[in-house]
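This report describes the disulfides of the structure shown below. Please consult the sequence and the model while reading.

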Amino acid sequence: MRRYIRALTLCTVFAVFSGLYVYSKLIYSDVPVGGNGPKRGFIQPRVPGGRRGAADKTGPQSPHWYNRNVMLTVRVQSNVTFHTLPLTLHVCNGSGTVTRASSPNRTKPALDLGKVKKNNIIKRARHDVYIMRQRGQVEAGGGSVQSRPEPPMHLAVVACGERLEETLTMIKSAVLFSIKRLYLHIFAEDQLHASFMEALESWPDFIRSKFNYTVYSISFPSENAAEWKKLFKPCASQRLFLPLILKDIDSIVYVDSDILFLQPVDRLWAFLSQFNSSQLAAMAPEHEEPRIAWYNRFARHPFYGRTGINSGVMLMNMTRMRTMFFKNDMTSVGLRWEELLMPLLQKYKLNITWGDQDLLNIIFHYNPESLLEFPCQWNYRPDHCIYGSNCASAEEDGIYILHGNRGVYHDHKQPAFRAIYEAIRKYSFGADPVTSLLDPLEEELLKTTHTYCGKSHPLFTKRLAHSLTNISRKAPHGR
């Protein structure tokens, strides 16, 4: 009787283990699903056309450096459920190399247990353990697929002539304070491209990781290129053609090279969400005080509002700009953006003083419902303090964006503006922003109180101090 009990017990144990073994193989084997078999591989990220990085010179581009989440898909036969394992693809398009963390993209046949050797079974078992661990990590994180990175903010600038250092200082201020990732669109003369590349690539990794960029050649419509290029200042009218060049970009911030951000670009970008259904651009007034304003006293052409608008800081929804039919004084029907520019120049070229800015004033004079006007603190110029402070929003909350037009960063006529520019230009990434930038700046500003703008120096540092304090908590010191 004992022999029968022992034999029965032994058979039962073997049967249980055999059943468990076969069951595990059925669950984790590569059994074809839907006739196509299991597939492991990357879903490649969509990359817009054209070359990238500082070497790129034409067309709308995708990032010089970018990280995107891609998904490794594992099909499991047990209940035909799908598990997605997040991986990261790193691409350096500037150097032309691709580095990726990937699994083989091939299809394996279903496992035939009768022909598998012992060492292959062991390898398969280890692979099953790996898959189970990865699946467990996904389930522990809530089982949800990782979302794509948030789209970057797009920032455009035009640099010609002796504007390299000034443009790099503007970019430095934008990158230093930005919260979301930036994509820079740099339009420059060909001889400046290598210098932009060298400067931007020399910045430390913790700064480079905050932005992508593309460098473009200056380009105008071929039939009138010479006329557009010499309008006002060299290359200044390039901004008018951004909606036609950057056709894959929905919205963008354009700034002159003599702009300095004292607040994150994110705050300006947020105005896009305030656009109503008809608005497609945002700019600040040219003046706050009509008695000293230029347009209402001297302009020989139509202009926007009471005192005109200044185009040094311009937020554009370019999708709307490309599709809208603009009212005008040349035809009884609306004209698209690309149809409007040249006829407008031909009609008013003898009456305009400030080039492309005057053309924008004419356009929005006839289409005022399409413009959102933001406060002067977003485009603070010497005009706001040279005869006494006349920007109410800056007096209340400080200056958000400094615009050093009239060359005030490079002469001694407005030392308060020059002091801000020099402080940001000389700042070394990684140094303590308060002790290395803010404290020396405040000392310099105290030396400028003999000027009207210098007397308003607390306005220059109010928002800047807040921004520097924020990045001071996150800055990697000693780098």
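When the bonded cysteines of the protein chain are numbered in sequence order, what is the pairing? The pairing is 1-2, 3-5, 4-6.

The model is predicted: local features need pLDDT of at least 70, side-chain atom pairs count only at pLDDT 80 or more, and totals for chains, interfaces and linings use all residues. Residues are numbered from 1 along each chain as its sequence is written, and side-chain values use heavy atoms, with hydrogens and water left out.

A disulfide is counted where two cysteine sulfur atoms lie within 2.5 Å; three are found by this rule.

| Pair | S to S | Angle about the S-S bond | Handedness |
|---|---|---|---|
| Cys 160 and Cys 235 | 1.9 Å | -95° | left-handed |
| Cys 376 and Cys 391 | 2.0 Å | 105° | right-handed |
| Cys 385 and Cys 453 | 1.9 Å | 90° | right-handed |

Helices (H or I, at least four residues) and strands (E, at least two) are DSSP runs numbered from the N terminus. Cys 385 lies in the loop between S11 and H13 and Cys 453 in helix H16 (residues 452-455), so this pair ties together parts 68 residues apart in sequence. Both of these cysteines, Cys 385 and Cys 453, are buried, a term that means under 20% relative accessible area (1.4 Å probe, protein chains only), with exposed over 50% and partly exposed in between.

In the other pairs, Cys 160 counts as buried because its relative accessibility is 10%, and Cys 235 is buried at 0%. Cys 376 is likewise buried, with a relative accessible area of 3%, while the value for the buried Cys 391 is 0%.
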